[in-house]
Amino acid sequence: MTQSLLLKNARTIATMDDELREIANGFVLIRGNRIVGVGPAEEAPTDADRVIDMTGHVVIPGLINTHHHMFQSLTRALPAAQNGELFDWLSALFPVWRNITPAMQRAASRTAMAELMLSGCTTAADHAYLHVNGITLDDSVQAATEMGIRFHGARGAMSLGQSRGGLPPDDLVEADESAILKDMQRVVETHHDHNADAMVRVALAPCSPFTVSTDLMREAATMARALKVGLHTHTAENWKDVAFSKERYGMTPTEFTEAMGWVGDDVWHAHCVHLDEPGIALFARTGTGVAHCPCSNMRLASGIAPIRKMLDAGVKVGLGVDGSASNDSGNLLDEARLAMLSARVRDQEPGAMTAREALRVATRGGAEVLGRGDALGRIQAGYCADIVAFRTDDIAMAGGQSDPLASLVFCTPPRVAWSIINGRVVIEEGELRTRSLPHIIEEQNGMAGKLLA
């Protein structure tokens, strides 16, 4: 028999439905992995297999991370890479990443996923472009299954080494592009689930214009459409990225993405800090998505993406923490805060983004970017039961009780109190239930020490 779970007496429920309803003193009823009811407490059912009292909690849809490089959590705050812009930062880290093993990849992924989950994330996309020493996307999928997070594995690739005009060293790339495409097809056929409530999906993700050939970009796009999976890459991240595209291809990043067939509702691009006006119009017209990574963009001095312009034009925008060596954190709720603040700084306008807009981008926006808008990102009957709750009596929110929903963004509590993914409680009273957090940390530090040695 399908089990039921009742969340009752929530101080505030932000549904993110079409009316953006906020329900005071509300309930959510879950049956199996789906939400079957949401409303005011007086309408709550009187029986359920399990009841959780959410008194004093703000309940929101699970946050959705649309861009990450989880292996990078092994090389946080590396001294040689602390003060470089994107290309210099990559050049400092490439020699270190050459020595990452499959065991390190799995440990790093568990660390990244645990950190995301504890910040309120329930769905994460990982752009896994490092394939050395036997690393495959299967390592990331294994970690996601262990952790219980909903996972989008983007099978990335770097094929354009320095000898062919690319940025990475030759010994870090996969030079045989036919082998890359063959493995892309394998991981889709092995792991991708087309069902609306899928826990694992796969996208094809050649890394960037300065790390792969135009042939691989085009052929990956053709394959993705044939297999009916998503496409993901980096676009217009910093000024050197833009200059490379113009010098090598004679095109702006906007022109390049269109020429490669990399626009459409099945495509999302990371960063887009320097996306021009034609690019914004193109993305809006074609339904192309953007993974906004404000912390990483600031950390690498890449700039601040024109998110207000994108949203006003109708571009789909979600949030990404990016890799933990360019963000050095994986707190997705904090990323929402930085999205709000950086938009205000960029436009010098306090209304450039509100707290509620930031939460919408972090939830429903991310679902739309990943092509999951029909099942994720809302607390609504029929949607997957991905729900998180934060305590309002936490020190971070003390004095912020007049608007507890906005306080989630302005004040940013340090840890989620409850997390439910696909109807399963994975964090309870702030404690991760799927894996031992102390063991994850110990293993990660041991692996990082071996790598840097």
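A nonpolar core is a set of buried Ala, Val, Leu, Ile, Met, Phe, Trp, Tyr and Cys residues joined through side-chain atoms within 4.5 Å; buried means under 20% relative accessible area, exposed over 50%, and partly exposed in between, with a 1.4 Å probe and protein chains only.

The model is predicted, so local features need pLDDT of at least 70 and side-chain atom pairs count only at pLDDT 80 or more, while totals for chains, interfaces and linings use all residues. Residues are numbered from 1 along each chain as its sequence is written, and side-chain values use heavy atoms, with hydrogens and water left out.

**Exercise 1. Find the residues with the most contacts inside the largest nonpolar core.**

Step 1. The largest nonpolar core has 119 residues. Those with the most contacts inside it are Ile60, Trp89, Leu90, Trp97, Ile100 and Met310.

Step 2. Helix 2 gives the most to this core, with 9 residues. Helices (H or I, at least four residues) and strands (E, at least two) are DSSP runs, numbered from the N terminus.

Step 3. Now take Leu90: leaving aside residues up to four places away in sequence, Leu90 touches Trp97, Tyr129, Leu167 and Phe210. Contact here means heavy atoms within 4.5 Å.

Step 4. A second, separate core of 20 residues includes Leu7, Ile30, Ile379 and Val425.

**Exercise 2. Work out which residues of helix 14 are buried.**

Step 1. Start with the length: helix 14 (residues 437-452) has 16 residues and reaches 23 Å from its first C-alpha to its last, close to the 22 Å expected at 1.5 Å a residue. That expected span is 1.5 Å times one less than the number of residues.

Step 2. The buried residues of helix 14 are Ile440, Gln444, Met447, Ala448 and Leu451. They cover an arc of only 100 degrees around the axis, so they lie on the same side of helix 14. The arc is that of the directions from the helix axis to the C-beta atoms.

Step 3. Pro438, Glu442, Asn445 and Lys450 are exposed, on the face of helix 14 turned away from its buried side. The buried residues pack against helix 1 (86-97), helix 2 (102-118), helix 3 (137-147) and strand 17 (431-432).

**Exercise 3. Explain why helix 13 counts as largely enclosed by the rest of the structure.**

Step 1. Of the 8 residues of helix 13 (residues 404-411), 6 are buried, which means that the helix is largely enclosed. These are Pro404, Leu405, Ala406, Ser407, Leu408 and Val409.

Step 2. Their cover includes strand 1 (4-14), strand 2 (22-31), helix 11 (332-347) and strand 14 (387-391).

**Exercise 4. Compare the accessibility of Thr392 and Arg11.**

Step 1. Thr392 sits in the loop between strand 14 and helix 13, and Arg11 is in strand 1.

Step 2. Thr392 is buried, with a relative accessible area of 6%, whereas Arg11 is partly exposed at 29%.

Step 3. Look at the partners. The side chain of Thr392 reaches the backbone oxygen of Gly56 at 2.7 Å, and the contacts of Thr392 include Arg11 and Pro404. A polar contact of 2.4 Å joins the side chains of Arg11 and Gln401. Such a contact is a pair of N or O atoms within 3.5 Å; within protein, one must be able to donate a hydrogen and the other to accept it, and residues adjacent in sequence count only if both atoms are side-chain atoms.
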